[in-house]
Every structure is written in structure tokens, then in C-alpha cells.
Amino acid sequence: MKITGIEHVGIAQVEIESKSDFWQTILGITDKSSEVISEQGVKTDIYDTGQGKIELLEALDENSPIARYINKKGPGIHHICLAVEDITTALAELKEAGIELIDNEPRVGAEGFLIAFIHPRSTGGILVELAQKP
Ligand code: ZN
């Protein structure tokens with residue numbers, strides 16, 4: 001597979017609105033987009049640094065994976081997302097190598113990217129997301 005860079009770092013927050021002062025005003029990352037992804041139970045603000053994005057994640061309800069994460073570990077870095085050229089090939093190669101996947105098939109995530117998560121059990125404790133540009 002071909003990894004082309006770090007697409008974004010996902011950060012779990014109790015609520016994201018009030019965080020824009022830090023990211024947008026103080027750090028000056030003005031390229032910001034917002035999205036609600038109901039299927040994943042999250043609301044997201046994405047700040048594009050120009051080389052990798054910061055994805056702030058807020059749970060839409062208590063069943064959201066972000067709510068469960070915050071209840072267990074508190075707010076903080078939730079996952080690292082790597083950009084791949086071809087996610088279908090990447091998932092096939094990972095399966096072949098015996099890597100435990102959360103998503104066996106790619107699904108549509110924020111910004112229309114095709115995404116899939118790799119289980120932290122196979123990555124040294126880090127939730128890793130793969131993303132292919134739409
Ligand atoms: Zn992500």
C-alpha cells in the first residue's frame with residue numbers, strides 16, 4: 001500500500017464550538033469546515049493547517065463512539081488518520097498480514113473521504129484511520 005501522509009489527527013472533545021477560539025483565532029488556522037456525520041454519531045470541526053488537519057470531534061449522543069471514549073479516557077487525541085492512495089488495496093493487504101480491522105470495507109466519512117479504522121490491538125494501542133481522497 002502507499003501511505004501519502006498524515007491526513008489528520010482526530011481529537012475527542014465534550015463540545016467543539018468553544019474550542020474554535022484556540023484553533024481559529026489564537027493559532028490562526030482559518031481554513032475551517034464543519035460537518036455532522038449522523039451515521040458515526042459525531043459533529044466535527046476540521047482545521048486545515050495546510051499540511052495535515054486537526055479534526056475536533058463531539059458526540060451527537062451517549063451511544064456515539066466519541067461519548068464512550070470521553071467517558072473512559074476523557075477528552076484528548078482519539079485517532080491518527082493516514083492518507084492512502086487506494087484504501088481497498090490497503091485493507092486487503094492489512095487483512096492478509098493478519099491485522100485486526102474495525103471496518104472490513106471502506107465507508108464514507110467527513111469531507112466525502114473513503115475511510116476505515118484499524119483496531120488499536122493491532123497498532124500498539126493507537127486507533128488508526130485510513131482515508132482515501134474522494
Ligand atoms: Zn478521523
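Here are some questions and answers about the predicted model above.

Local features need pLDDT of at least 70, side-chain atom pairs count only at pLDDT 80 or more, and totals for chains, interfaces and linings use all residues. Residues are numbered from 1 along each chain as its sequence is written, and side-chain values use heavy atoms, with hydrogens and water left out.

Visitor: Which residues are the protein donors of the zinc ion?
Guide: Donors are N, O and S atoms within 2.8 Å of the metal (3.2 Å for Na, K and Ca). Water is not among the atoms, so sites may look incomplete. Here the donor atoms lie 2.0 to 2.3 Å from the zinc ion, and they belong to His8, Glu55, His79 and Glu129.

Visitor: What is the arrangement of the 4 donor atoms around the zinc ion?
Guide: Four donors are tetrahedral if all angles lie between 85 and 135 degrees. Four are square planar, and six octahedral, if opposite donors are over 155 degrees apart and all others between 65 and 115; anything else is irregular. The angles around this zinc ion run from 87 to 174 degrees, so the arrangement is irregular.

Visitor: Is His79 buried or exposed?
Guide: Buried means under 20% relative accessible area, exposed over 50%, partly exposed in between (1.4 Å probe, protein chains only). The value for His79 is 3%, so this residue is buried.

Visitor: How many helices and strands has the chain?
Guide: Helices (H or I, at least four residues) and strands (E, at least two) are DSSP runs, numbered from the N terminus. The elements run β-α-β-β-β-α-β-α-β-β-β. That order belongs to a chain with 3 helices and 8 strands.
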